[in-house]
Amino acid sequence: MEMCNLEKRGKLFILTFTGEDEHRINPARIDAIRSALNQIRSDSTSLSGSVLITTAHGKFFSNGYDLAWAGSSPDKIRLMSSKLRELVADLISFPLPTVAAITGHACAAGLIFAFCHDYIVMRKDRGFLYMSETDIGLKIPAWFIAVISCKIGDAKVRRDVVLKAKKLTAEQALESGIIDAAFDTAAETAEGAVELGEKLVKNGWNGQVYGENRKQLYREILDKLGVDETTDDVNNVAIATSKM
């Protein structure tokens, strides 16, 4: 089953999670995303002045880790965690500006994936940003917190997202400076992402320089990615799976 589709539209690369499922994060989906990113990297003529837009079909942008796939298997849980950290490192070093077009719910690891884009646009009529871990009794990995700290500047909002598991609508996220724009519908959100991408294209930035500067900006995240938290991940997912 195809998990994502990559389309090139001029200087824009549009990566879409296909299907009407929850777009859970598992090794197969991560491999598909990384394959698409490698395909873009291999197109040397497009690395300067291009932009990546990531979006999704259906009700969910991504509903987090695929707990049903992992079950209580420590090996599967470690693999899922390791692959997501590799994907995040790919995105932070990626030699293009990146835009996440959130047209549905972005939850837990799915929200972390969205946060690893440079810009975020979101629809108003459906979907929220949600770190569910406190609600379901799970510890949030240190590298998740590093991503959240880099992306949510307001300390009170950051507290509520992490410790109260507050669900943020597009209007709330825009007011808090977490996202860059909000639109009335999914179609308008996709159009807004393309318009933003086209504006970024006009800058003609050198992709390699852009990627290196992003790595410096998010050095704290990269440093945390190197910390092995797989024991916590195994315990967390095992607890979550038992509650399903």
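Which residues does N26 touch, not counting residues up to four places away in sequence? In this predicted model, the partners of N26 are M3, D66 and M80. N26 sits in the loop between strand 2 (12-17) and helix 1. The relative accessibility of N26 is 8%, so the residue counts as buried.

H23 has a relative accessibility of 0% and counts as buried. The backbone of H23 stands out for its phi, which is near 55°. That is a positive value in a residue other than glycine.

A108 shows a positive phi as well, near 50°, and A108 is likewise a residue other than glycine. A108 is placed in the loop between strand 6 (105-107) and helix 4 (109-115). With a relative accessible area of 11%, A108 is buried.

Strand 6 contains A106. This residue is buried, and the relative accessible area of A106 is 0%. Neighbours within four places in sequence aside, A106 contacts F61, S62, L111, F128, L129 and Y130. A106 can also be placed relative to H23. The two residues are 83 apart in sequence, yet 9.8 Å separates A106 from H23 in space, C-alpha to C-alpha.

Setting aside neighbours within four places in sequence, F60 is in contact with D21, E22, H23, G104 and H105. F60 belongs to strand 4 (residues 60-62). At 13% relative accessibility, F60 counts as buried, because the cut-off for that class is under 20%.

G58 lies in the loop between strand 3 (51-56) and strand 4. Beyond neighbours within four places in sequence, the contacts of G58 are G19, E20 and T103. G58 is 24 residues from R34 in sequence. In space, 21 Å separates G58 from R34, C-alpha to C-alpha.

Two packed helices are described by the angle between their axes and the distance between the axes. For helix 1 (residues 27-41) and helix 3 (residues 74-93), the axes come within 10 Å and cross at roughly 25°. Helix 1 is therefore roughly parallel to helix 3, since angles under 35 degrees fall in that class. The crossing of helix 1 and helix 3 is left-handed. On the helix 1 side, the contact is made by P27, I30, D31, I33, R34, L37 and R41. Helix 3 contributes L79, M80, K83, L84, E86, L87, D90, L91 and S93. M80 is also one of the residues touched by N26. By class, the contact of helix 1 with helix 3 has nine nonpolar residues, six charged residues and one polar residue.

Helix 3 also packs against helix 10 (residues 207-217). The axes of helix 3 and helix 10 come within 7 Å and cross at roughly 120°. The two helices are therefore oblique to each other. Here L91, I92 and S93 of helix 3 meet G211, R214 and K215 of helix 10. The contact of helix 3 with helix 10 divides into two nonpolar, two polar and two charged residues. L91 and S93 of helix 3 take part in the contact with helix 1 and also in the contact with helix 10.

A search of the whole structure finds zero disulfides. C4 is in no disulfide, and the nearest cysteine sulfur, that of C116, lies 16 Å away. A disulfide requires cysteine sulfur atoms within 2.5 Å. C4 is buried, with a relative accessible area of 11%. C116 is in no disulfide either. For C116 the nearest cysteine sulfur is that of C150, 9.4 Å away. C116 counts as buried, at 6% relative accessibility.

Conventions: Residues are numbered from 1 along each chain as its sequence is written. This is a predicted model: local features need pLDDT of at least 70, side-chain atom pairs count only at pLDDT 80 or more; totals for chains, interfaces and linings use all residues. Side-chain values use heavy atoms; hydrogens and water are left out. Axes are lines fitted to C-alpha atoms, for helices over the stretch in contact, and angles run from 0 to 180 degrees between N-to-C directions. Helices (H or I, at least four residues) and strands (E, at least two) are DSSP runs, numbered from the N terminus. Angles under 35 degrees count as roughly parallel, over 145 as roughly antiparallel, 65 to 115 as roughly perpendicular and the rest as oblique. A crossing is left-handed if the near helix is turned anticlockwise from the far one by less than a right angle, and right-handed if clockwise. Contact means heavy atoms within 4.5 Å. Ala, Val, Leu, Ile, Met, Phe, Trp, Tyr, Cys and Pro count as nonpolar, Asp, Glu, Lys and Arg as charged, and the others, Gly among them, as polar. Buried means under 20% relative accessible area, exposed over 50%, partly exposed in between (1.4 Å probe, protein chains only).
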